[in-house]
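User: I am new to this structure and would like to understand how its parts are arranged. Could you take me through it step by step?

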Amino acid sequence: MNLLFLGPPGSGKGTQAVRVARRLGVTHLSTGDVLREAVKAGTELGRKAKGYMEKGELVPDSILIDMIEDKIGGGHLGDGFILDGFPRTMPQAESLKQMLAGHDMSLDRAVLLVVDDEEIVKRLSGRWFCPQCQAGYNYPAQVPKVEGRCDHDNAELQRRPDDEEDVVRNRLQVYKKQTEPIVDFYRNESILAEVVGTGSLDEVFENVLQAVKETVK
Ligand code: AP5
């Protein structure tokens with residue numbers, strides 16, 4: 001099963017991709033995670049991406065397309081995958097189609113998580129994570145046992161710089177302008193599955209699984 005997860009920032013792509021990948025036994029690739037690791041490690045990729053990410057802008061297409069080409073060409077996506085956060089522009093979507101075809105592969109579903117803007121701003125302003133073990137917390141739904149400390153290793157929790165409200169609002173604008181057009185691209189390819197992204201994590205998970213199996217629009 002080759003899937004991609006689409007949706008605005010904070011719609012739950014990462015949360016659900018991890019769970020669905022585990023259930024289906026496929027590889028999960030988050031371009032946001034790869035870029036954040038590169039920024040943390042201070043690699044050339046990280047240095048190129050940092051400024052764009054901090055402002056909530058998209059990193060240039062050529063950088064992302066090369067990154068995904070390396071993963072596909074290197075066989076890193078295994079026998080099935082979930083792409084989380086790629087593609088985000090029409091050139092990325094068109095390149096992905098060509099890259100997969102070049103390896104006799106194609107997409108089975110593009111899952112779109114639908115969540116409204118105010119819910120997203122609320123979710124992202126409550127998001128914290130542990131810089132050591134990457135465990136995620138969210139106020140008020142998933143609070144740590146000790147205020148500001150990770151339950152697993154007691155490290156001080158942090159926020160993503162791009163979760164500040166003004167940056168989140170810019171990320172939403174960027175999504176509407178640059179990423180929403182690819183929803184129609186996948187609708188026209190007849191592989192789009194739209195899922196309501198609100199409700200409990202378990203409810204959304206079940207809806208995503210159902211959509212992956214059945215709903216093709
Ligand atoms: P990326 O990391 O992909 O950011 P994003 O798409 O903005 O996604 P998020 O990680 O913020 O949200 P998500 O949808 O994964 O939601 P999550 O599950 O975390 O990209 C970051 C940056 O990298 C981009 O801005 C860009 O600069 C660059 N980049 C990445 N890919 C690129 C590309 N292809 N091209 C160019 N640039 C690229 O959930 C969010 C929060 O909500 C969590 O705290 C979670 O616990 C909570 N939550 C989840 N589900 C629910 C629920 N049902 N109810 C309540 N809370 C929930």
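Analyst: A crossing of two helices is called left-handed if the near helix is turned anticlockwise from the far one by less than a right angle, and right-handed if it is turned clockwise. Please keep in mind that this is a predicted model.

User: What is the handedness of the crossing of α4 and α5?

Analyst: Helix α4 covers residues 61-73 and helix α5 covers residues 90-102. They pack at an angle of about 20°, with their axes 10 Å apart. Angles under 35 degrees count as roughly parallel, and α4 and α5 are therefore roughly parallel to each other. Their crossing is right-handed.

User: How many nonpolar, polar and charged residues does the contact of α4 with α5 have?

Analyst: On the α4 side, the contact includes Leu64, Ile65, Ile68 and Ile72, together with Asp61 and Glu69. These meet residues of α5, among them Pro91, Leu96, Met99 and Leu100, as well as Gln92 and Ser95. By class, the contact has eight nonpolar, two polar and two charged residues.

User: How is α6 oriented to α7?

Analyst: The axes of helix α6 (residues 117-125) and helix α7 (residues 165-179) come within 10 Å and cross at roughly 140°. Angles over 145 degrees would count as roughly antiparallel. The angle here makes α6 oblique to α7.

User: How many charged residues does the contact of α6 with α7 have?

Analyst: From α6, the contact draws on Asp117, Glu118, Ile120, Val121 and Leu124. From α7 come Glu165, Val168, Arg169, Arg171, Leu172 and Lys176. Five of these residues are nonpolar and none is polar, while the number of charged residues is six.

User: Which are the edge strands of the open sheet?

Analyst: Five strands form the sheet in the order β2-β3-β1-β4-β7, with parallel pairing. An edge strand pairs on one side only, and this applies to β2 (27-30) and β7 (192-196).

User: Which residue in β4 is the bridge partner of Leu3?

Analyst: Strand β1 (residues 2-6) and strand β4 (residues 109-114) run parallel and are joined by four bridges. For Leu3, the bridge partner in β4 is Arg109.

User: How many residues apart in sequence are the parts that the pair of Asp202 and Arg19 ties together?

Analyst: The structure holds 17 salt bridges. One of them joins Asp202 and Arg19, whose closest N and O atoms are 2.6 Å apart. Asp202 lies in helix α9 (residues 201-213) and Arg19 in helix α1 (residues 13-24), so the pair ties together parts separated in sequence by 183 residues.

Note on methods. Residues numbered from 1 in each chain as written. Predicted model: local features only at pLDDT ≥ 70, side-chain atom pairs only at ≥ 80, totals over all residues. Heavy atoms only, no water. Axes fitted to C-alpha atoms, helices over the stretch in contact; angles between N-to-C directions. Helix = DSSP H or I, 4+ residues; strand = E, 2+ residues; numbered from the N terminus. Parallel < 35°, antiparallel > 145°, perpendicular 65-115°, else oblique. Contact = heavy atoms within 4.5 Å. Nonpolar A, V, L, I, M, F, W, Y, C, P; charged D, E, K, R; others polar. Pairing = 2+ DSSP bridges. Salt bridge = Lys/Arg side-chain N within 4 Å of Asp/Glu carboxyl O.
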